[in-house]
Amino acid sequence: MVTLVNLRAYWRFLVVVRRFSPLIAAYWRDRKRFLLFGGSRTVDEETQKERAAVLLDILLTLGPTFIKLGQLLSTRPDILPPAYIEVLEELQDDVPPAPFSEAETVLEEELGPVAETFDDFDDDPISGASLGQVYRATYEGDEVAVKVRRPGIEPLVEADLRAIRWGLPLLKRFLGGGRAFSLENLADEFAETIREEMDYRRERRMLEEIGEDFADDDRIRIPSSYPGASGPRVLTMEYVPGTKINRVEQLREDGHDPTVLAEALQRAYLGMIVEEGVFHADPHPGNLAVDESGAIVFYDFGMSDTVDPFVQSKIVDFYVAVASKDTDAILDTLIELGTLSPEADRQVMGEVLELAIADARGEDIEQYRVNQIIEQVESTIYEFPLRLPRNLALVLRVATVVEGVCVTLDPDFDFIETATDYLREQGYYEETARELAEDAGDQIQETTRALFTVPPKLDDTLDTVNRGDLSVNVTLEDETKVLDKLAMRIAYSVLLAVGVLSATILYSFAEAWRLALVVLALSAPLAVALYRSFRKRRGIRAKPQFTRQSMRQRRDD
């Protein structure tokens, strides 16, 4: 099996290289204008979009694994520039389903004969994706949706993952240090993500956990699962029909208020990310619907993730800072989250955020959208590349997609007002504001104290400087010769290393073993001296400089 996977991986690697060769040649010319020589060239946004379209076509041609890779890349502005992100966001995981005979084999291997497990089974799939396809059926009298992993997908994914890993060194040659580091980590994260998504047991656990979180919320509906008809490659869920959430006119005709739906959706994701720490991470309109009662139905929990408490707290800080239009606090939060380099120019970044806020607010409307701020920040992340934590990258992606769905429902939807109201209801806004107030109070006290203590001292210092009498003396005391001994150890170590390396080279390449022995003999005293430097007096001992006795002696002097 391993040999077959390796052979398939070699073949896939050749196919991938051949497909990507036009882009590779183009990127090489960006670095060397005439391939082998010449300076680098600048690529405008229009050219980037053309290349992104080519990349999109390549990913679709290469199949399921690379479609998923493209979707993940669309969440990583630390690797790709905004033009690529914009194009890859259009990548839909929608492929023709496999024949039912192949899916039936998977069902029988997991659950036994289909006719014995289900009361009725419709062999015409209602949806098909790269990793699985969904069928309608009846189980124990209930209408259910049965998600079946695509037959033969495991060896294909494993071969593609190896091909991607083998291609990393080639791709890293075209990227800077920070983005190359991000790309390598992305490969590890992608392998973990796609394997998790193929494990329907994990998806069922995430579905059940999120379902429990919204058990008492009649505005949100999470389908229940059926463990007796589920397994690693099959997931049976409650069948919940509904109207796609982006069919606004149909929703109005059915008596649903789009603004109310937008608010419920936004609050649901705030609850998942900020409160519960487990969230549905693929909120595009194909995975969201509205049932007859007006509840929002969530589908497909294959792409779900968790948020650790630190990230949760920083997300709250981010929302509060945006609501307060505090650009300094926004920058601090982004740096603490690791999405922005601490070395970035704060003044420039502050201006970027101010422009983003002003542009989004409009002339007469006191509101602004988080996704526009995130887009500006994403552009800067690409210029100051850092590795984005996987769950944080998904959170950023979810925020922009959810905001887009909300704006589709209501063009005037106030994302920030809803978030602010939610945080205030949960007590976060007052808590953060209280912390800021306490910090400000402490700062005022320190500043007031400084107003009385600093001016007299500063006045004396300035007089001294004006007279030219100011001098600064720095004395380094080394009574026990600590620095001398350290210097000797370093010298012994360097000379010994040079001797051993020289002897190795003479023996290995010049085959001059007699000369090599001479060099080793000459290096032997250095090894002895280095050994004795560590053995003498049980190592280096420095005299304590700040014992109570020495401090008392210095005060008396």
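Two strands pair if DSSP finds at least two bridges between them. Helices (H or I, at least four residues) and strands (E, at least two) are DSSP runs, numbered from the N terminus. I keep both rules at hand for these entries.

**Entry 1: ground rules**

I am working on a predicted model, where local features need pLDDT of at least 70 and side-chain atom pairs count only at pLDDT 80 or more, while totals for chains, interfaces and linings use all residues. Residues are numbered from 1 along each chain as its sequence is written, and side-chain values use heavy atoms, with hydrogens and water left out.

**Entry 2: overview and confidence**

I looked up the make-up of the chain and found 21 helices and 11 strands. I then checked contacts, meaning heavy atoms within 4.5 Å. Of those between residues at least 6 apart in sequence, 67% join residues at least 24 apart.

Next came pLDDT, the predictor's confidence in each residue, from 0 to 100. The chain mean is 76, and 69% of the residues reach 70 or more. Residues 362–369 stay under 50, and the model has 21 contacts for them beyond four places in sequence. Residues 536–552 also stay under 50, with 18 such contacts. Where pLDDT is low, the predicted coordinates should not be read in detail.

How many of the 8 residues of E3 are buried? I find 7, so E3 is largely enclosed by the rest of the structure. E3 spans residues 132–139.

I went through its pairings one by one. Strand E1 (residues 120–121) pairs with E3 in the antiparallel sense over 2 bridges. There, Phe 121 stands opposite Ala 137. Strand E2 (residues 127–128) is also antiparallel to E3, over 2 bridges. Ser 127 faces Val 134 in that pairing. A hairpin of 3 residues joins E2 to E3.

E3 and E4 are antiparallel over 8 bridges. Ala 137 has Val 144 in E4 as a bridge partner. These two strands form a hairpin with 2 residues between them, and Glu 140 in the turn has a positive phi of about 50°. Strand E4 (residues 142–149) also pairs with E6, antiparallel over 5 bridges. Val 144 has Glu 238 as its bridge partner in E6. Strand E6 (residues 234–238) is mostly covered, with 4 of its 5 residues buried.

**Entry 3: aromatic rings**

I used this rule: rings of Phe, Tyr and Trp (its six-membered ring) pair if their centres lie within 6.5 Å, with planes under 30 degrees apart stacked, over 60 edge-to-face and the rest tilted. The count is 10 aromatic pairs. Why is the pair of Phe 13 and Trp 166 edge-to-face? Their centres are 6.2 Å apart and their planes stand at 80°, so the pair meets that label. Phe 13 lies in helix H1 (residues 2–31) and Trp 166 in helix H7 (residues 153–172), so the pair ties together parts 153 residues apart in sequence. Phe 13 is partly exposed at 24% relative accessibility, and Trp 166 is partly exposed at 33%.

Phe 100 and Tyr 135 are edge-to-face too, at 5.6 Å centre to centre and 70° between the planes. Phe 100 sits in helix H5 (residues 100–111) and Tyr 135 in E3, 35 residues apart. I note that Tyr 135 is buried, at 0% relative accessibility.

I traced an open sheet of 4 strands in the order E5-E10-E9-E7, with mixed pairing. Its edge strands are E5 (220–221) and E7 (243–244), each pairing on one side only. E5 runs parallel to strand E10 (residues 296–298), joined by 2 bridges. Ile 220 stands opposite Ile 296 in E10.

His 256 lies in the loop between helix H10 (248–253) and H11. Is His 256 buried or exposed? It counts as buried, at 12% relative accessibility. Beyond its neighbours within four places in sequence, His 256 contacts residues including Leu 251, Leu 261, Val 290 and Asp 291.

Key:
Buried means under 20% relative accessible area, exposed over 50%, partly exposed in between (1.4 Å probe, protein chains only).
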